[in-house]
Amino acid sequence: MKSARAIKALCGALLLGHATFAAAATVNSIRVWSGPDSTRVVFELTAPVEHRVFTLSDPERLVIDLPATAVAATLTLPEPKGVVAAVRTGDRTTGELRVVLELTRAAKAKTFLLAPNEQYGHRLVVDLLQPEAAPVIHRTAAIPERGRDVVIAVDAGHGGDDPGASGRGGTREKDVVLAIARRVAQEVDAQRGMRAVLVRNGDYFVPLRKRMEIAHNAQADFFISIHADSYRDSSATGATIYVLSEKGANDEASRLAQRENASDLIGGVSLADTDQMLARVLLDLSQNAALSASTAAGQRLIKRMSSVTPMRRVQVQQAPFLVLKSPDIPSVLVETAYISNPREEASLRSPQYQAAFAQAVREGIVDYFTANPPQGTYFAARTPEDPEPTVHHVIRGETLSEIAERYRVTTASLRRTNSLKTDSVRVGQVLTIPQG
Ligand SMILES: [Zn+2]
């Protein structure tokens, strides 16, 4: 038991310490993001800091010492996430802040500082790298005798510390594009001869080059990056499809590309240009072939998307988006709608809109691969006498007669093909559309 006098003396010493050594920086917040192969801890600071990092074992800990740094009175410590089991802070010696990350297992740490941007102040980023995890594969059942599945890499833009654009109602791009990407993956997985790989499947950041690498490692046949647009004029409206341009984009496209590419910096030095992907990109002449395939696929997507949403441009646009730089994978970037337009912001949040949009994307991809089947795939193995059944996912508010009208078939044939006893359908139901 400590005496009251001893406690009083200790408090006095601490107060004296704070008074003598004025902190050069204050930690305003500590956030933790968990991804499949790393956990990121971000300190938001009032000024750049020096820092020393070292690990301790038994139990595994990462210690971060920040000289001349204080914590804000309002600081709340983050909940456990990823490999971070707990975060503790304490004054080590006068004026120095010690932060201890208790880890669930050993992880390699990389740290770097980020300068302020419009969303955040100074940041110290600590990446805790875990061994490579396998990409999220939704369905592995291939049909060997009928050819392999076409693999679609579905990339939800931004994530984690990078929220992307924001709507006036508080909608964040990273959230709505993940919701749409997950629906696109579901649609693709429900389609015979196709399967989806989600490049990001949670609220964490993936550097742009890493996104391409995930698609490449999954041997993707197609890469689609999903975003929401933003503009200072809130009346701007409509969806746009982009393919890569090395140069010659118009001003507006360049502005957009600059904003999207800027997010690559969030990867910072931890995943710098050391990967061979970049060298390949610069060398590989097949980029041109991928570009014309990307444009053809983009045009098919526009055709299907225009039935569910206004298009800002009815032609595929070109812009220098880094994420589209895979030399061997046809790649498109979809700006689904303007999050800065309150009406479109509401659409982006709406499950009905998300479902209809995802369905249109799947239809566009199927159209493209039906016309351009990669060798050895289910699409190439198909014969004209063996047409691909078209499937439809019922969305909220749809009736059987509306669906029949849309595909130019009768309700009677729809009922027969799907063994329906009545005309009622439910949300999420998958209907096979009869041919001819
Ligand atoms: Zn974006």
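Two strands pair if DSSP finds at least two bridges between them; strands (E, at least two residues) and helices (H or I, at least four) are DSSP runs, numbered from the N terminus. The structure is a predicted model, in which local features need pLDDT of at least 70 and side-chain atom pairs count only at pLDDT 80 or more, while totals for chains, interfaces and linings use all residues. Residues are numbered from 1 along each chain as its sequence is written, and side-chain values use heavy atoms, with hydrogens and water left out.

**Exercise 1.** Identify the bridge partner of isoleucine 64 in β7, and state the strand order of the open sheet formed by 4 strands.

*Solution.* Step one: strands β4 (residues 61-66) and β7 (residues 97-103) run antiparallel and are joined by 6 bridges. Step two: isoleucine 64 has valine 99 as its bridge partner in β7. Step three: the order of the open sheet is β3-β4-β7-β6, with antiparallel pairing. Step four: β3 (52-56) and β6 (84-91) each have a single partner strand and stand at the edges, so one side of each lacks a neighbour in the sheet. Step five: from one strand to the next, the twist averages 20°.

**Exercise 2.** Determine which residues of helix α7 (residues 342-349) are buried, where buried means under 20% relative accessible area (1.4 Å probe, protein chains only).

*Solution.* Step one: the buried residues of α7 are Glu344, Glu345 and Leu348. Step two: these residues lie on the same side of α7, because they cover an arc of only 110° around the axis, the arc being that of the directions from the helix axis to the C-beta atoms. Step three: their cover includes α2 (173-190), β13 (222-229), β16 (331-338) and α8. Step four: at the N-terminal end, asparagine 341 caps α7, with a side-chain oxygen 2.9 Å from the backbone nitrogen of arginine 343.

Conventions: Buried means under 20% relative accessible area, exposed over 50%, partly exposed in between (1.4 Å probe, protein chains only). Contact means heavy atoms within 4.5 Å. A polar contact is a pair of N or O atoms within 3.5 Å; within protein, one must be able to donate a hydrogen and the other to accept it, and residues adjacent in sequence count only if both atoms are side-chain atoms. Axes are lines fitted to C-alpha atoms, for helices over the stretch in contact, and angles run from 0 to 180 degrees between N-to-C directions.
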